[in-house]
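Let's take a walk through this one together. Have the sequence and the 3D view open as you read.

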Protein chains: 2
Amino acid sequence: MKSRHPFQKRIQLDMTGFTAELQRLCRQPSIAAQGVGMTEMARLVDNLFRRAGAATRVLGADSGQPVIYAEFPGRSDRTLLFYNHYDVQPPEPLEEWTVPPFSAEIRDGKLFARGASDNKGDLMARLAAVQVLQKVMGELPCRVKFVVEGEEETNSQNFQRVVARSADLLKADACIWEFGGRDQSGRVEIYAGVKGCCDLELSVQTANTDLHSSLGAIVENAAWRLTWALATLKGPSEEILVPGFFDGIQPPSAGDLEAARRIAGGEEEMRRQYGLQRFLRGREGGEGQAITADLLFGPTCTICGMESGYTGAGLKTVLPKEARAKLDFRLVAGQDPRDITEKVRRHLDASGFGDVKIEVLGEDFAYRTPVDDPFVRLVEETAREAYGAEALLYPTSSGSGPMYPLGKVLHAPIVSTGIGYWGANAHAPDENIRLEDFAAGIYHICLLLERFGQAS
Amino acid sequence: MKSRHPFQKRIQLDMTGFTAELQRLCRQPSIAAQGVGMTEMARLVDNLFRRAGAATRVLGADSGQPVIYAEFPGRSDRTLLFYNHYDVQPPEPLEEWTVPPFSAEIRDGKLFARGASDNKGDLMARLAAVQVLQKVMGELPCRVKFVVEGEEETNSQNFQRVVARSADLLKADACIWEFGGRDQSGRVEIYAGVKGCCDLELSVQTANTDLHSSLGAIVENAAWRLTWALATLKGPSEEILVPGFFDGIQPPSAGDLEAARRIAGGEEEMRRQYGLQRFLRGREGGEGQAITADLLFGPTCTICGMESGYTGAGLKTVLPKEARAKLDFRLVAGQDPRDITEKVRRHLDASGFGDVKIEVLGEDFAYRTPVDDPFVRLVEETAREAYGAEALLYPTSSGSGPMYPLGKVLHAPIVSTGIGYWGANAHAPDENIRLEDFAAGIYHICLLLERFGQAS
């Protein structure tokens, strides 16, 4: 980074400190799904904000992981809200990491840790930007609020409750969402929406104990029941078979498809990087626009995990008493997650699988901000200046998050930008960020806050 | 047990010692599938035989778990061979045991341990019978050989090699197989055969790393591929769908079906004990003969275990790179396990699942001794005397074991009888034997050896 702008100079001077602070965040495990380290992590985040001069509040600690709220005063009346989360995905499978997942080791300019990219790096970049502006400008150009939750990876149930009763506190003129980053070509990706989700655990129990597999001739097998039930939900041609699943879906607009055309590219590299045989629906690496449209505008039905019986080394001739699978439906605009759960239930019942139980692990609607909103354009313009290249605007991310419950009370635009990159391995072993992206991301947020304050 | 016969008196006097010896065997873990404690266990068995006066040999230790061979001299020229195994099933799931699985704790007249029933209890009962006869009669009434392998639970590959090259050493006039026991009504079950097996591990890999589940819209999912592949093998009506699977099967004879009629009973109790909703093919508890015929004469296709992706607590929105399932086919007379493996391969290929890999974990043919063989009748008669009631003769067990490779070289009848019972939980948590069955089983073997020697 050439140090021209005063913000950039300051970032360069303080990078060692910002990086050490990020390492501290990454070395504290905070696995919401497993209840590991959450209290310690919430305290760490709260302290970090207070040391930077924020007034903080801990919200909703009574019924889930605490939500940390922080507020910094600023020159203008305008308020920008940052949404982040301090929880991380489980680090398993541990044996596939090349460094311990909470070591925050730096190697070849990359910081490796579960949560480095998703989402502690972005949280730290934004707080660093606040500190740079305080030093360079003497005060912040606008009011800044942070809301940092601890259950984003487990579907934000507590955050949704907090938002519903904290509308006044969270009031802002715009919101920056948690993530973003660069693709394989180095292009910066900005998102104006997220998909919804419907996360279900399916389970079957056929006996009160595991039995000898010789009884397979006369006794029901939970693993078979689950296999057949799953096969009714989605077929080998990758079509989702739940009746009514696609009802009400808003088809992509011409603008959406045009965005997909601009976004497309790098699919063949992705295929090679991940060792994929092929893309779904027989699409070739060259069919970038179609693949991108599938990714952004298509709902999904994914088995995230399944387990039954003996899964250790060698053979155990057991007939399993139970079987379970975790299913993740990503939903698009027009789909209602509660309606999807009901349709899955009805379909299983109608297909003879009334014995398959459903537990709802999480439900959320999709959410979008119009791509021609002035705040979307401001994020694009400042990204162009910070990164020295045109940013790519995604009408929606293929991922999800609790944007809908927040957007519903904010009545303000929400855009996502961040410091990730294509090789970040979010949710996978060896999650990492590049420190150069970290520095550039701090600069982008500095410019964004400065212009946002001026626009009043 | 009323102590009338001199054998029974001796058993009563020595029961404490026999039980302590069995506890020693059970406290030594010997999990072939996980390679735990096998060398120690083989040494323990070898020592046990030598202390009882046997000449022993360790066979086949170069290419797998050692096979322990032991020979005791006897009065007549006739030789009885005992087949047992010293390996046990893995103890998982550990949390469902009410005592540590290798504690060999005694509670309410039962000895609890992984392997207590399958198969250390029977091994010890037979060795105890040899010691009782030595004390009461001064010498054994016939020559006795033991062959005790260490890979029965992982499909006896090494045992089969040992048998093939040790035909002269193992030569015997008859063989007692490893297992047997009492059903819910207290009836003693004797078996004149075993089913074959074809144990396969199916696996699919779709990427070189686990991915974020948002990519489910465009990327193949190993868990889905495996689910669909499995669903082509067996359908919800419990019919095995592999073309040619039933070819060549010898249908049950009138005698087989008559045996099934005599055996039937207790199905409703079994259903309640295991908390089963129903029996396969909609059979009611009252349809005992049909259920028994299914169990004895029907081949199976059982999922013993399957695993993919994240299976821990809560949610992890991951798209799994790989998935695997362990499949156990139990085969009946007329089926060739290698042929079954080939048919499964061809069927998966033809169904579009060429990407599903197959690893063979074990293969064996079914084996039967004619139910009117004089040795079968001798085992029945001595069981009647030892247990004071008519024994039930099963034309075949529903389980399997390496009876075929041994029978092929012995050219002698093989019958299975043992000290288990309906509540033994073989292959399941809280495996146990009843000490009264242990004592009665020793007595049965004493009588059997005595009459077998006289029959020369």
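Which residue takes a positive phi just after α12(B)? That's B:H411, with a phi of about 50 degrees. Keep in mind as you look around that this is a predicted model.

Stay with helix α12 of chain B, residues 403-410, for a moment. Its buried residues are B:M403, B:Y404, B:L406, B:G407 and B:L410. Looking down the axis of α12(B), you'd see these buried residues fall within an arc of 165 degrees, so they line one face of the helix.

Now for how the two chains sit together. Rotate chain A by 180 degrees, with 0.0 Å of shift along the axis, and it superposes on chain B with an RMSD of 0.0 Å. The two copies are thus related as by a two-fold rotation axis.

What about the contact itself? 74 residues of chain A are in contact with 74 residues of chain B. Several elements of chain A each supply at least two residues to the side that touches chain B, among them α6 (222-231), α9 (288-297), β15 (322-331) and β16 (357-364). The largest share, eight residues, comes from β13(A). Here's how that side of chain A splits by class:

| Class | Residues on the side of chain A that touches chain B |
|---|---|
| Nonpolar | 32 residues |
| Polar | 30 residues |

Strand β13 takes part from both chains: β13(A) and β13(B) (residues 302-309) run antiparallel and are joined by five bridges. To find one of the pairs, look at A:G305, whose bridge partner in β13(B) is B:G309.

One last stop is a sheet within chain A. This open sheet has three strands in the order β4-β5-β21, with antiparallel pairing. β4 (105-107) and β21 (432-434) are the edge strands, each pairing on one side only, and the twist averages 25 degrees from one strand to the next. Strand β5 (residues 110-112) pairs with β21(A) over three bridges, and A:F112 stands opposite A:N432. Helix α3 (residues 116-137) of chain A lies across β5 and β21, running at about 45 degrees to β21(A).

Key. Residues numbered from 1 in each chain as written. Chains lettered and ligands numbered in written order. Predicted model: local features only at pLDDT ≥ 70, side-chain atom pairs only at ≥ 80, totals over all residues. Pairing = 2+ DSSP bridges. Helix = DSSP H or I, 4+ residues; strand = E, 2+ residues; numbered from the N terminus. Axes fitted to C-alpha atoms, helices over the stretch in contact; angles between N-to-C directions. Contact = placed C-beta atoms within 7 Å. Least-squares fit on C-alpha atoms with pLDDT ≥ 70 in both. Buried ≥ 20, exposed ≤ 12 C-beta atoms within 10 Å, placed from the backbone. Arc of directions from axis to C-beta. Nonpolar A, V, L, I, M, F, W, Y, C, P; charged D, E, K, R; others polar.
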